[in-house]
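I opened the model today to look up a few surface, sheet and charge-pair details, and I note them here in the order in which I went through them.

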Amino acid sequence: MAKTDNAAARKRGREEGEKHIRYTDEQIRVLEKVYAQSPNPNRSQRENLIRQHPTLNGIDNKQLKIWFQNRRSRCKQKKEHEDILAENKKLKVANSLLREEKNALLKRVAELVRENDRFRSQLLAITTTSTATNQASEPEVPSPHLSMNNADDDKGLLIQADEARNEFLPKATGSAINWVPFPMQEVHGPISTGEVYVAYGCAGVAARACTVVPFEPLKVIEILKDTSSWSRKCRKLEVIAIYPAKNRGTIELVYTQYYASTTLACARDFWTLRFTSILDDGSFVVCEKSINGGSDVPSSPVALEFVRGKMLASGYLIFPCEGGSMINLVAHLDLETSSVPEVVRPLYKSSELIAKEIIFTALQYINHLANEVTASKANPNPKDSAFVRSFGQKLSRGFNDAVNGFNEDGWQLMNMGAPKDAIISMKRTNINMGFDTPYDGVICMKTTVLLQNVFPAKLVGLLKDHRSTWMDFNFDDKPKATIKAPYFAFPGVTTHNLSDNAVLLGHTNHEDEVLEVIRFESFAPLQQHGSSGELYHLQVISGLESMDDTCFGASSELIFAPIDKTIPNDAVLLSSGFRIISMGSRTAKWPSAYGVANEASSSSTSFSAINNLCSMMILAFQFPFEARFEEDVRSVALEYIQHVISSVKNICQGVMPSGSNLDYATDENAPMIFDIIADSTSDINSLAIRIWQSYRSFLGVEMCDFHCLRTGSFLELVQNHQYAILCFSFTSLPICLYANQAAVDMLETGLHNLQTLALDQILDGSNMSLYSMIPTITKQGYATLPPGCSLSTMNRRFSYERGVVWRVEELDGSCHCFATAFINWSFD
């Protein structure tokens, strides 16, 4: 029994926080009474307590201090526990109210949807009646661009719409693909970024995000559908047709074009079906997928300079919630990587880049709009933000147009006589730049440069800070009449304050992208032409604060354009600048050009980047010109771009690791630290364009099946065409300049033997000589060949149903060469 009492006393002593003291019940009552009056007595108060209460004899001052400390601690824990219970009770009540509010909102959404269906049916009925009345009273007119037929009448579209939604929903909820969390830079503002995911092991590239935005679902749908407003890579989005469907759905046929980031690959386009509908729980679904062809599906638009990409089920699932909407975004694409040169192929196989360029960019734009709404409530000038966003987008779009150089925009290749490390394009058009002098066209110089051990943000920062290093150019030795236009775009060595007068206008859609105005003061040649000597540049800089600068695909840009003091809204911005993309540590090889007979072995440039960070820099510079000074401006522009490349080499010395050699690696087999990657197919691609253009111009028809090939450039269209196409020089002794794959197969020869081919020998079976056809070709631009036969270089007999010979003209109308096409050829 004594042992039991001792054990209980020891236990009570531990509970009081004292290992050796045992308190009796009488002592505890005394201490509790004192604690109620003074929970934290000091030393003298504790000594008085011991003297006043004999029952505390044997307990020293330190032991009393420990008892009061433990007692205060237990009291604090008890209060915290009570607070937690009270808070939990409040949360349960709030949760119950939220559930009731959600149910009420869902019912209201369902009511609104029913009202919307009723209004839409009434509108369609009114539209149909009005259309019928107008058609009866007015002459026949072309059908409108947007068709409003019922999608139920086009069963193929309805089936594809259901398939797209059924494939999209599991992706949006995270069950269809093995999603892996992808850490990204946070969006600071009203948006709750939630989680961002990327997919591995699936077909194509895919990314997903779940987030809460401060906009109602219909506003979110309106924002995200307008892709060109938030995606700098979107060149054009066209809704070709709209079909109202049953169950509150709408089907749209959408044609979208996207820019290529580099000069080394073709741009992409998509032909998709977009299905907007509302689920039974009140959530909104907007899903999109590439259209499968069929007899009951409208034909796809054709753009020869684009590679047709494939969009797998993508889109956004939107739930209404308090204060806004919860959205699940999914982007899933197949970018046809087989058509891309190996050096840039990783950019088209990265789900991480899709997450950055589509998912995160869309969230940034929504966040930017939300910040504008918040700022407008504080009563600032609402035009400022729209101005910054508008001109930032104009600069970016102008640079992308320059890099891609679409024929549709009027760009034509002018690479004859140019060095292999430069691509020269020209566009003849009247330009309003806001200056007094009118310009008749633009010359664009562009190239791609491979850098090692250089970070994109670091290099852009140096290009910004050391602008005079690459922008200073001596115009003094150039003809005075020709330098005015280039000097507006690129001030020279006689210009002061090249980098110190930047005025920040604001941030664009991206937090790390800023718009600035730079003022230059010139005292030399412009004043001789009546100019005030003041020049201005509008520039946008992005990626300087990128946290993932060393990661694959990280990108930074410095883009600028000359402007006048009072720039009109419709003024053209001739964007020029730099784009640097991190390529990671990779090994790649630049593919050789297609069959050009006299192509040197060095045209196939190879490089490797093992254990070194590689970055790819794209330069594009635009020079306005007057028609009479075109050749002089072209010469100045070529010198200027070579000066810029040389200057960048010098600037790179500042970012190379210590001990690195900029020009050559020490190991014979090691890569060059600085390589110029020119478009080695640029000359032959220019020839392919002229082959197609001249054929269409002289014969008045398209080359058979020319639009049906799914390829990435004019060169591939000609190279893989079913006709056997050869090009010969227009000289006294014609030399074969080019042969496509069909011609090589027909003649059973190799590319190295093209120069030995004699055209008259090939035409021998047609009983016509080349010289007998020259008058006809000179008069009408072409001559036809009757059915004939001939021998290959292996003495095998082949025949063809018909043939044609036509002039291939230069851009100025002169004859570059002539081409022959043998149609429906076969070996006998």
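I began with Leu-505, which I found in strand S16 (residues 502-507), where helices (H or I, at least four residues) and strands (E, at least two) are DSSP runs numbered from the N terminus. The model is a predicted one, in which local features need pLDDT of at least 70 and side-chain atom pairs count only at pLDDT 80 or more, while totals for chains, interfaces and linings use all residues. Residues are numbered from 1 along each chain as its sequence is written, and side-chain values use heavy atoms, with hydrogens and water left out.

Leu-505 has a relative accessible area of 34% and is therefore partly exposed, given that buried means under 20%, exposed over 50% and partly exposed in between (1.4 Å probe, protein chains only).

I then turned to the sheet, where five strands form an open arrangement in the order S26-S25-S31-S30-S27 with antiparallel pairing; two strands pair if DSSP finds at least two bridges between them. Strand S26 (736-739) and strand S27 (782-785) stand at the edges with a single partner strand each, so one side of each has no neighbour in the sheet. I noted that S25 (residues 724-729) is joined to S26 by three bridges, and that Cys-727 has Tyr-738 in S26 as its bridge partner.

Next I checked Ser-792, in the loop between strand S28 (788-791) and strand S29 (797-800). Ser-792 counts as buried because its relative accessibility is 5%.

Last I went through the charge pairs, taking a salt bridge as a side-chain nitrogen of Lys or Arg within 4 Å of a carboxyl oxygen of Asp or Glu; the structure holds 19 of them. One of them joins Glu-32 and Arg-71, with the closest N and O atoms 3.0 Å apart. This pair links distant parts of the chain, with Glu-32 in helix H2 (residues 25-37) and Arg-71 in helix H4 (residues 61-137), 39 residues apart. Glu-32 is partly exposed at 28%, whereas Arg-71 is buried at 18%.

I also recorded the salt bridge between Lys-233 and Glu-357, at 3.4 Å between the closest N and O atoms. Lys-233 lies in the loop between helix H7 (227-230) and strand S4 (234-245) and Glu-357 in helix H8 (residues 351-377), so the pair ties together parts 124 residues apart in sequence.
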